[in-house]
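Please look through the protein shown below and follow its charged and aromatic side chains one group after another.

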Amino acid sequence: MEKALILLFALGLAAGGIPPPAARAHAFPERAEPKVGSTVRSSPSMVRVWFDGGLEPAFSRIRVTDTNHQAVDKGDGRVGEKDHTVLEASLPALLSGTYHVSWIAISFDGHRTEGDFSFTVETPP
């Protein structure tokens, strides 16, 4: 009898008769531009972070600060209009130095991830 119940349970799983557990979809970063920890020779005009899933524009944020924790982005951090897997912020011409990017990503299903990284601008003399 016990073997028969196990067999029926296994067949139910194989036939899709028992629903799988709910999927958890967090948006995790895949790449960034400028690259995480990189040194660039000229000031980038934009910072972008690409994620492995769509982001909720109303709640996702990106910010770029200098070593004094002062915002240096143009205050237009947003989810990409055409690509909802990217967070981006415009930058003015940056001086040589290290900059810090911090982000909060809320996936379409409401899961939150956050992180940060730095990059360095090293303009030629």
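Glu114 is exposed, with a relative accessibility of 52%, where exposed means over 50% relative accessible area, buried under 20% and partly exposed in between, for a 1.4 Å probe and protein chains only. Its side chain meets that of Arg112 in a salt bridge, with 2.9 Å from N to O, a salt bridge being a side-chain nitrogen of Lys or Arg within 4 Å of a carboxyl oxygen of Asp or Glu. Arg112 is partly exposed, at a relative accessible area of 46%.

Residues are numbered from 1 along each chain as its sequence is written, and side-chain values use heavy atoms, with hydrogens and water left out. The pLDDT, which is the predictor's confidence in each residue from 0 to 100, has a mean of 85 for the protein, and 79% of the residues reach 70 or more. Over residues 1–15, however, pLDDT stays under 50, and the model has four contacts for them beyond four places in sequence, a contact meaning heavy atoms within 4.5 Å. Where pLDDT is low, the predicted coordinates should not be read in detail.

The salt bridges come to a count of five. In one of them, Glu122 pairs with Arg41, their closest N and O atoms being 3.2 Å apart. Glu122 lies in the segment after β8 (112–121) and Arg41 in the loop between β2 (39–40) and β3 (46–51), so that this pair links distant parts of the chain, 81 residues apart; strands here are DSSP runs of E with at least two residues, numbered from the N terminus.

Another salt bridge joins Arg48 to Glu88, again with 3.2 Å between the closest N and O atoms. Arg48 is partly exposed at 32% relative accessibility, whereas Glu88 is buried, with a relative accessible area of 11%. Through shared partners, salt bridges join Arg48, Asp76, Arg78 and Glu88 into one network.

Aromatic rings also pair in this model. Rings of Phe, Tyr and Trp (its six-membered ring) pair if their centres lie within 6.5 Å, and planes under 30 degrees apart count as stacked, over 60 as edge-to-face and the rest as tilted. The count comes to two aromatic pairs. In the pair of Phe51 and Trp103, the centres are 5.0 Å apart and the planes at 80°, so the pair is edge-to-face. Both Phe51 and Trp103 are buried.

Terms used: Helix = DSSP H or I, 4+ residues; strand = E, 2+ residues; numbered from the N terminus.
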